[in-house]
Amino acid sequence: MLDIVDPRPAADPTDTAGSFDPPTAGLAIRGLTVRYGGPERAPTVWSVDLTLEPGKILGLAGESGCGKSTTAKAAIGFRQGSETVTGRSLLAGTDVLALDPLARRALWGNRVSYVSQSASLALNPAMTVGRQLAQPLRRHRGLSGAALKRRMLELFTLVDIPDPAVALKKYPFQFSGGQQQRVALAIALCCEPEVLILDEPTTGLDVTTQARISALLRSIVDRTRIAVLYVSHNLALLANLADSLAVMYAGQIVEQGPTPVVLARPRHPYTKILLGLSPRLEDPRLVPGIPGLPPAGAVLDDCSFAPRCPYAEAACCGAAVPARRFPGGVEARCHRAEALAGGGPSPVALSRVAIPDADPLLIVDQVELHYRGAPRPSVDKVSFKLKTGERIGIVGESGSGKSSVLKMISGLVAPTAGYMRFGDTRLDALAVDRPRWLCRDIQLVFQNPDASLNPRHTIRQILMRPLVLFHGKLPASERERRVRESLERVRLPAAFADRMPQELSGGQRQRVAIARAFLASPKLLLCDEVTSALDVSVQAAVLETIAEISADAGVAVVFVSHDLAVVRTIADRILVMRNGQVVEAQDADGLFTNPQEPYTRDLIAAVPTFDLA
Amino acid sequence: MSLVLAERPIADRVPMWRLVLAARDGRVGVALTGASLLLILVGPMLAPFDPTAVNLAPSNQPPSMVHLLGTDHLGRDVFSRFLWGGQSILMIPLMAVVLTYLTAGLLSLVAAYKGGWFDLVVSRFFELLMSLPALLKILILVAAFGPSTPVLVAAIALTNAPGASRVIRGAVLGETQADYVQAAQARGEAALSVVTREILPNILGPVSVDFALRITWGIIALSTLSFLGLGVQPPQADWGLMIQEARSSLQKAPLVAIVPAIAIASLSIGLNLTADAVVRQFTGRTGAASGHGA
């Protein structure tokens, strides 16, 4: 029977001041393998070795589906269902995976803590945050009364929540997303854990909030010497924050080492390409995405990246690639590590058209949207003009009103004041009441391709709809031809017409949504965060598709995104929105080289950047 | 909020009925429902006697080779009455629920999609209807118009209306916010087209489950009414009525009440279990569709 008692002396409830003693050990993960289903299925995570050191942040990067979250949860013995977990995860010499469930529960929230992506889902909406913070302190530390109160205030101060005494009595919904994540962090830190696992903790948050949380985390790690595993798909963020980096692909760690060394000379092609793929503020050009899709599980008898790798050669297939050591403490699974130094895919600029000096296609003049009962307008006197073929980017944080502008142009909501004109037509009616040609001319692509394609329709039915609505009586064969052609245009096989949306990946679905918009032959394309739900490897290809087709057809684009670097790649002109107002409007180049407004400068400064070798 | 969506491998298209049959409750439910339906549909063809033929001489006989389940207090063959007795108990609730969906269901569908004052009036009306106890509504109707089949259908339909209206309204409101519905609206699609093409196929799942459960409820309500003497009227053969008639001679001939009771139970339990298994498939599917980090 294993010892389930916390080996450390229980905290003296009367002495909680100056409470963060440096923990001594970290977490050593050795040969961690996770399988769903029987041994015939490829493992989801295969033979992962990671070492979490006290006072250090280990960044675990990789695209969605590569097994990062599964690794993070499995490492602390968190079971999700039917999976088989093998390997060891040593916490101060004790294998967490060998403990019985009761002993594991005694560790969680106590010596090992976990913070999930969405604090708004992780916090109980029906309980004040104070009660939620008190629970682990009561359970693991036996605190109560004044000592408990003092400790809770101390923790809220630690995570920089203003007015802690009042904040403790509030419910989660009374906090902003960033503050909710701070509360979750305070709960995770309350028992002075030795190990903290953060699973995409800032992914849903604005870039300025993300920067503040990262800074807070760094200072906490420096002060408390806690060992942190930080899981994120955002390599730029990890490059700035983590002491060492581990890159995961198809369930395996393909490269790991100290952050500066990995950034200076990536030894695995996937790392190299991933680093190049992140859109950069300094450079509006994009590295083309990686062709193909990652395998569903670990590939054990080839290099798993070989089918998509520009450097692959015959030797890469036929045997598992062992991890090799390189100078500077880097390990990578690649035969061709030496060949990576030069070459590789180089960045290209997205296709553009010369903007004719003509009358504007779209005029938005002093437009306002004020929902009844809201304290301030969602959109406050926004004005801009757009010419045929021009691309305008609108950036801003969540709640800035950028998506509402698109909704008004597309006729999903009616503005409460102001004036919009498209060509010679006033745009004051809702879409249902607009003439059909106007609905055809203005097309909208949504953020989440999971939601914008009806799950009960085949891709063919989805793509047929604009043809039926906007192109009159076409013969069936002509419609079919156009559907196939449009699929090929967005670089999908024509055979996809028979599939259901659920059978496509996120990037593929977004391409279908784009194909649907272009099948209407629009003059104006409205893009609402179209790449936010996509991985960086597909993001570039989706942007490329939009740019190419819109340039060919001379379609004007309004591109809304919270991601400044993405907007930079595609937009000719950029509007920065805040609290419903346009605070700055400039040429794309001018905005990044010479931002006029302090808010724009803050936004740009908050974007994590890193230098490529 | 931005989501990181998994690049999921292509899912196998498994037909719904297979998933339902894969679960134990699904198999039991389908078996019970199937057996009951078979009995109801084929039974009358196999009945050895006229279910309403009165023959006082051999009344309250125990089971024999001639009368497999014996005879009742009027000397009618219990087995024949049993084989005939399922039709009314299935058809009346079925017609009632279809009527509910054609009236209250359609009305709520339009109201929920249109919104505004029309939706307000329709939902308030159904809430008002809901505030009256179900049995009271039925009793008033039956007392006023007599216990004929159309009245029973209307009464059961009326008691189902508020609940069905809520289910439809909730499902439609959820769908109206979906991006693909907004995409259709932005395309300038007519309201009818948005409702039939975009919304209906997506609410069919929860609605069909609600449909099955309402039939179950209708079966129990009708049996209750027949037992109270307000439902199906003698001399018609009906499971609910048989239980009521057998009450006086329960000690002498218990089978006369027990056999139809078991039949009612297996039909409603079977429908319930099937609906449960189906609804789990729908919720399981939508749950799996939500995105999460790697």
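**View 1. Two domains of chain B.** Let us start with chain B, whose domain assignment gives domain 1 (16-84 + 273-289) and domain 2 (86-237); such bounds come from an automatic or database domain assignment. This is a predicted model, in which local features need pLDDT of at least 70 and side-chain atom pairs count only at pLDDT 80 or more, while totals for chains, interfaces and linings use all residues. Residues are numbered from 1 along each chain as its sequence is written, and chains are lettered from A and ligands numbered from 1 in the order in which they are written. Taken over C-alpha atoms, the centres of domain 1 and domain 2 of chain B are separated by 25 Å. Their contact takes 13 residues from domain 1 of chain B and ten residues from domain 2 of chain B, where two residues are in contact if their C-beta atoms, placed from the backbone, lie within 7 Å.

**View 2. The side of domain 1 of chain B that touches domain 2 of chain B.** Helix 2 (24-46), helix 3 (78-84) and helix 11 (255-289) of chain B are the elements giving two or more residues to this side. Helix 11 of chain B gives the most, with five residues. By type, the residues of this side divide into nine nonpolar, three polar and one charged. Here Ala, Val, Leu, Ile, Met, Phe, Trp, Tyr, Cys and Pro count as nonpolar, Asp, Glu, Lys and Arg as charged, and the others, Gly among them, as polar.

View 3. Chain B has eleven helices and zero strands; helices (H or I, at least four residues) and strands (E, at least two) are DSSP runs, numbered from the N terminus. The C-alpha trace of chain B spans about 80 × 45 × 30 Å along its principal axes. Of its 294 residues, 44% count as buried. A residue is buried if 20 or more other C-beta atoms lie within 10 Å of its own, exposed if 12 or fewer, and partly exposed in between, with C-beta atoms placed from the backbone. Look for Thr196(B) in helix 9 (residues 191-228) of chain B: Thr196(B) counts as exposed because it has 12 C-beta neighbours inside 10 Å. From Thr196(B) to Leu83(B) is 113 residues in sequence and 41 Å in space, C-alpha to C-alpha.

**View 4. An open sheet in chain A.** Six strands of chain A form this mixed sheet, in the order 18-19-20-15-21-22. Strand 18 (442-445) and strand 22 (581-587) of chain A are the edge strands, each pairing on one side only. Two strands pair if DSSP finds at least two bridges between them. Strand 15 (residues 391-396) and strand 20 (residues 556-561) of chain A pair in the parallel sense over five bridges, and Gly393(A) stands opposite Phe559(A) in strand 20 of chain A. Helix 12 (residues 402-410) of chain A lies across several of these strands, including strand 19 (524-528), to which it runs at about 145°. Axes are lines fitted to C-alpha atoms, for helices over the stretch in contact, and angles run from 0 to 180 degrees between N-to-C directions.

**View 5. Two domains of chain A.** Chain A is divided into domain 1 (27-111 + 191-340) and domain 2 (391-407 + 435-606). In contact are 20 residues of domain 1 of chain A and 24 residues of domain 2 of chain A. On the side of domain 1 of chain A that touches domain 2 of chain A, helix 8 (207-224) and helix 11 (269-277) of chain A each supply at least two residues.
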